[in-house]
Amino acid sequence: MGIKTGVLEPREPAIDLIRIISEGTYTTFAQSLKEFISNAYDADATEVDVTVDEDCNTIVVHDNGVGMTLKEFGDFFASIARSGKSGARTVFGRTNLGRPKIGRFGIGALAVAGVAERMTVKSTKKGSSEGFEAAISLENLRKHFLRGEDLSKHWRFFFNRWDGEPSSLHFSDIRIEGINDDIRALLQRPGQMKLDEFFPSTSKLSGLDELAWQLGIISPVAYAFTYPVEEKHLSRGKDALIMDKARRLLKDRIQIKFNGQPLRRPILLPRYQPNKLADRKEAEMLLKRGIGFEIRYLRSPKGAPVRYEGYVVVQATKLFPEELRGVLIRLRGVAIGWHRTFNISAGVLSTMLPNLSGEIWVEGLEEALQFDRESFREDHPKFRWLKESVIEKINEEEKGFRQRSVKRLSLTKSGSKRAAKKGMRPGDVSTQPTASPIPLPKADADFLPSAIFENVPDHITRILPQINGCWERQYYEACAVMIRRLIETMIIEVYWKRNWDNELKNPETRDFLGLKAIIGKFKADPRFSLDSKINKGLNDLKDIGDIAAHDFRIKVRKSDLEHVRDALRKTSERLIFLVRTISR
Ligand SMILES: Nc1ncnc2c1ncn2[C@@H]1O[C@H](COP(=O)(O)OP(=O)(O)OP(=O)(O)O)[C@@H](O)[C@H]1O
Ligand SMILES: [Mg+2]
């Protein structure tokens with residue numbers, strides 16, 4: 001390869017643009033980095049590697065897209081406000097792979113002008129044997145800019161060009177070196193939480209994890225879990241929009257890696273705080289109060305000035321991480337800003353806002369886009385129309401959501417018979433929840449129905465989720481041991497309520513007797529006159545509990561529990577009746 005060296009001085013720079021961008025128009029580093037990912041997407045790359053070195057001083061974005069010749073680099077990349085993309089200014093420009101082109105202004109490459117000391121571009125174009133590397137000192141540029149000097153002399157790229165690259169080779173490599181100290185400090189921030197655990201806000205993540213999370217949100221990559229809503233809650237017909245959007249991303253076949261890890265769009269709704277779900281009472285509350293969550297679809301009306309479609313998920317309590325709250329606007333698959341950027345707070349009920357997350361795909365709003373690709377011109381008539389239309393639709397949906405929640409609450413309280421009297425048909429119930437996000441078994445899937453235990457003390461009710469949870473997870477021995485404990489606790493409660501609990505204690509030690517003796521006394525107690533079915537039930541339940549607790553030679557099986565299931569329900573009902581009829 002014969003290497004030629006020279007200096008390339010492209011057209012006079014549009015100084016104002018450099019000024020605007022290098023003063024840090026982008027709200028976050030991720031937004032400036034996304035420009036290179038967008039360029040790789042437009043270059044039909046199928047693999048993009050973003051690598052950050054250990055001290056967060058250098059970032060390289062490598063892609064296997066079509067690449068550039070030195071001339072193209074000079075004419076488009078290095079020339080400000082010139083895009084090399086045919087049809088870039090039209091809405092429907094597509095790449096060879098059929099991707100809708102993102103770039104249109106010809107300024108994306110300037111995104112890092114303000115954040116690093118040096119940028120180097122290396123590329124080889126498909127079908128060409130030429131390779132080149134061109135570099136610019138951004139630090140130098142800024143220095144002269146600050147002195148108020150003419151930048152034409154300093155907007156220059158030193159290059160090396162060579163021949164002999166295999167014509168099949170094609171790639172682009174953007175190296176950004178000498179990242180500013182403030183950004184480096186952000187990137188080097190240690191994390192309090194990890195990406196794969198629950199985090200209330202991305203600010204709890206390490207700086208690099210937060211960057212990966214943010215890039216995942218704004219880049220045209222597939223969803224982390226196939227769809228933005230848990231798949232089990234989706235159905236083909238009703239939720240076609242979400243499924244189509246997710247499929248479209250897969251079709252692009254772009255694999256973006258961040259420090260070797262595949263980048264994914266980290267949206268999975270609904271998202272509750274895990275302790276809310278772990279607490280069964282809370283979980284039941286969630287289910288009752290907010291019907292868990294609802295997915296609603298928004299579509300622009302026919303003939304509207306801007307076409308849009310999207311989804312909004314409203315869930316029963318606050319959504320996490322909080323960065324997902326709001327509605328994210330996407331144009332040609334790329335995010336414009338963040339969820340919080342599209343300000344809907346003026347028109348949407350404030351208590352709903354923290355519970356709401358959505359994405360809206362918009363077509364025909366390119367003309368209202370700001371340079372930074374992070375926001376729209378607020379005064380643009382089309383944008384104003386979009387905003388009003390979306391707020392109006394969300395409002396309609398919200399009203400519906402609240403009404404349905406109230407309706408459901410009354411159904412849960414009064415039972416479906418009374419609801420029917422009010423003119424509700426049973427079908428009303430099933431139209432309500434889009435799905436339940438809570439992994440609660442259905443009422444009849446519970447081993448022991450919780451309804452029996454309403455208004456009984458906590459030391460009894462808290463045994464219940466343990467029994468049902470063990471049953472659900474097929475921990476049959478643990479389930480049997482907890483059944484034994486429930487029986488014991490309920491009998492003692494029956495006696496305690498009547499102030500007779502001393503009768504169940506050893507007179508000398510004041511300790512409670514063993515379960516066998518307790519059951520014996522209870523069965524023989526003339527004050528209760530229990531029937532023979534309950535007596536037998538108590539024996540069977542104690543037996544299975546004893547085996548599970550003490551006899552390792554016998555394994556408690558599902559069928560053993562099924563055998564006593566009915567006895568447990570009846571015995572529990574009888575005992576709880578005895579607990580409730582007396583107040584102490
Ligand atoms: N990774 C790349 N692979 C191939 N060509 C590239 C790459 N990055 C940039 N280019 C070329 O450089 C040009 C300028 O890129 P730049 O991001 O500045 O503008 P754009 O993508 O056309 O528009 P926008 O300002 O909206 O991003 C592109 O039009 C393209 O021709
Ligand atoms: Mg671009």
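1. Helix H2 passes helix H6 in a right-handed crossing; a crossing is right-handed if the near helix is turned clockwise from the far one by less than a right angle, and left-handed if anticlockwise. Helices (H or I, at least four residues) and strands (E, at least two) are DSSP runs, numbered from the N terminus. The model is predicted: local features need pLDDT of at least 70, side-chain atom pairs count only at pLDDT 80 or more, and totals for chains, interfaces and linings use all residues. Residues are numbered from 1 along each chain as its sequence is written, while chains are lettered from A and ligands numbered from 1 in the order in which they are written.

2. H6 covers residues 207-218, and H2 packs against it at about 55°, the axes being 9 Å apart. Axes are lines fitted to C-alpha atoms, for helices over the stretch in contact, and angles run from 0 to 180 degrees between N-to-C directions. H2 is therefore oblique to H6, since angles under 35 degrees count as roughly parallel, over 145 as roughly antiparallel, 65 to 115 as roughly perpendicular and the rest as oblique.

3. On the H2 side the contact is made by Phe29, Ala30, Gln31, Leu33 and Lys34, and on the H6 side by Leu211, Gln214, Leu215 and Ile218. Contact here requires C-beta atoms, placed from the backbone, to lie within 7 Å.

4. An open sheet of nine strands runs in the order S1-S6-S5-S4-S7-S3-S2-S8-S9, with mixed pairing. Two strands pair if DSSP finds at least two bridges between them. The edges are S1 (4-8) and S9 (261-262), each pairing on one side only. H2 (residues 29-42) packs on this sheet, touching S2 (47-52), S3, S7 and S8 (255-258), and its direction makes about 15° with that of S3.

5. Within that sheet, S3 (residues 58-63) and S7 (residues 171-177) pair in the antiparallel sense over six bridges. Val61 has Ile174 of S7 as its bridge partner.

6. A second topic is the open sheet of five strands, ordered S10-S11-S14-S12-S13, again with mixed pairing. Its edge strands are S10 (293-299) and S13 (334-336). Neighbouring strands are turned by 25° against each other on average, direction ignored. S10 and S11 (residues 307-315) pair in the antiparallel sense over seven bridges, and Arg296 stands opposite Val312 in S11.

7. Helix H14 (residues 476-497) has 22 residues and reaches 31 Å from its first C-alpha to its last, close to the 32 Å expected; the expected span is 1.5 Å times one less than the number of residues. Asn499 follows H14, with a positive phi near 65°.

How values were computed:
Two residues are in contact if their C-beta atoms, placed from the backbone, lie within 7 Å.
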